[in-house]
Amino acid sequence: MPRTNEEIAARIAEDIPTGAYINLGIGLPVLIGDALDPDKGVILHSENGVLGLGAAPAPGAEDPELINAAKGYVTVNRGAAFFDQCESFAMMRGGHLDVTVLGGLQVSASGDLANWSTGETHRPPAVGGAMDLAAGTKRVYVMMKHVTREGAPKIVGGCTYPLTGVGVVTRIYTDLATIDVTPAGLRLVDCAPGHGFEEIARKTDAPLLID
Amino acid sequence: MVLICEATSEALAGIGDGATIMVGGFGLAGVPFGLLDALLEGGARDLTIISNNAGQEENALALLFRERRVAKLVASYPRTSGSIWFETRWQAGEVALELVPQGTLAERIRAAAAGLGGFFTPTGYGTALAEGKETRMIDGRGYVLEDPLPADVALIRAEEADAWGNLRYRATARNFNPVMAMAGRLTIVEIRRILTEPIDPETVVTPGIFVDRLVVHDHR
């Protein structure tokens, strides 16, 4: 069975080190927040200017001046900090965050990431902080489906969608597998139960290595 | 010296057609709603707006697009849910867009404020947003040269000010406000309250030297 989104999130949460400073991208990666072991003391960063994001507020306790990067209402934990955009992006671009988990449209065999645009021209483009997170974070994890709704591989030899960053991805987590981007190429780390190397290699449009 | 104004219209006096205006805020947090309403009423057109987002629904920045006052937007994420008026005007070719990664936007504003001629950043290297820009390899890594982004006017939202123009902010309403306050040639700040005593110097976020005009406006 392929992993559910919650199961992918739980798999990623296992790999987040104790005490890490992390940023979770908008979309699927937000699920990881719920999957983290509270005893690990992981501190969540939000690019609009928070370290120490907490749970969603109780109904009626929403504060319009306390939001996350997705513009949703949040709370902060003990020990949180607020700061301006220059400091926030210094944390991101300057390599101070340990891990970011981003959604992906495509990842290439050399770790290029495409996640901000499908190249559509009928709506205005928008990028936000995706390129800064990709360029600067120590470890860039991508959480996505292994193939598109039409069955096309999302892990490819070279991205066809506009790039977010070149050679930035460390590890890819999908509903079928976990794959590392290494200097030698893509290396299979693990598979979802009931799925094996041959199927995953067939659904990956780039050479796949296994130990 | 900071000028304390009685009304938002007074605070905006002198802003004319063709002005480049920075607007603080991220989503709806830290947006100077009172100053934006006064800018709309003041009638200035052909504006260049620098803002992370493009306003939402029928308020603040969105109304400037609806009323066709904006010629160009410089932004990182002009597509927030509900940003219909920017999208409508952009699709009709009535407003130009310069899309900038969010951290590069903040740092270009800071460069203008700090008197720098630009900076090299790894953000966007090798992507469509770096096309046509000068690049350089530094310690084996690719960087893109980005220009400073100055503005005639900065419209800022802060929580409180003292009579010296020192500012403090609240929670995530801080966002772009401190750096834009530094970068505006004329910085106009809307505050929730003005304090009778000076702010503790240890907790001032924006020193009064960056602030030209203050007006109290509580939209909460």
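1. A definition to start with: two strands pair if DSSP finds at least two bridges between them. Helices (H or I, at least four residues) and strands (E, at least two) are DSSP runs, numbered from the N terminus. With that in hand, look at chain B, where B:Phe120 has B:Leu145 in S8(B) as its bridge partner.

2. Before going further, please keep in mind that this is a predicted model, in which local features need pLDDT of at least 70 and side-chain atom pairs count only at pLDDT 80 or more, while totals for chains, interfaces and linings use all residues. Residues are numbered from 1 along each chain as its sequence is written, chains are lettered from A and ligands numbered from 1 in the order in which they are written, and side-chain values use heavy atoms, with hydrogens and water left out.

3. Back to chain B. Strand S6 (residues 119-121) pairs with strand S8 (residues 141-146) in the antiparallel sense, over 3 bridges. Strand S7 (residues 135-138) of chain B is also antiparallel to S8(B), with 4 bridges, and here B:Thr135 stands opposite B:Val144. The hairpin of S7(B) and S8(B) has 2 residues between the strands, and B:Asp139 takes a positive phi near 50° there.

4. Now for chain A, where 10 strands form an open sheet of mixed pairing, in the order S4-S3-S2-S1-S5-S8-S10-S11-S12-S13. Strands S4 (76-82) and S13 (208-209) of chain A are at the edges with a single partner strand each, so one side of each is left without a neighbour in the sheet.

5. Within that sheet, strand S5 (residues 99-103) and strand S8 (residues 139-143) of chain A run parallel and are joined by 5 bridges. One residue to look for is A:Gly103, whose bridge partner in S8(A) is A:Met143. Helix H1 (residues 5-14) of chain A lies across S5, S8, S10, S11 and S12 of chain A, at about 165° to S8(A). For that angle, axes are lines fitted to C-alpha atoms, for helices over the stretch in contact (heavy atoms within 4.5 Å), and angles run from 0 to 180 degrees between N-to-C directions.

6. Chain A has another open sheet, with 3 strands in the order S7-S6-S9 and mixed pairing. Strands S7 (113-114) and S9 (155-156) of chain A stand at its edges, each with a single partner strand, so one side of each has no neighbour in the sheet. Strand S6 (residues 106-108) of chain A pairs with S7(A) in the antiparallel sense over 2 bridges, and A:Gln106 stands opposite A:Ala114.

7. Which chains meet, and how much do they bury? Chain A and chain B bury about 3,400 Å² between them, 61% of it from carbon and sulfur atoms. Buried area here is the accessible area (1.4 Å probe) that two parts lose on being put together, summed over both. On the chain A side, A:Glu65, A:Lys71 and A:Pro124 lose the most area to chain B, together 21% of what that side buries. The contact takes 36 residues from chain A and 44 residues from chain B.

8. Finally, the charged pairs: 5 salt bridges (a side-chain nitrogen of Lys or Arg within 4 Å of a carboxyl oxygen of Asp or Glu) are found across the interface of chain A and chain B. A:Glu65 forms a salt bridge with B:Arg170, with the closest N and O atoms 2.8 Å apart.
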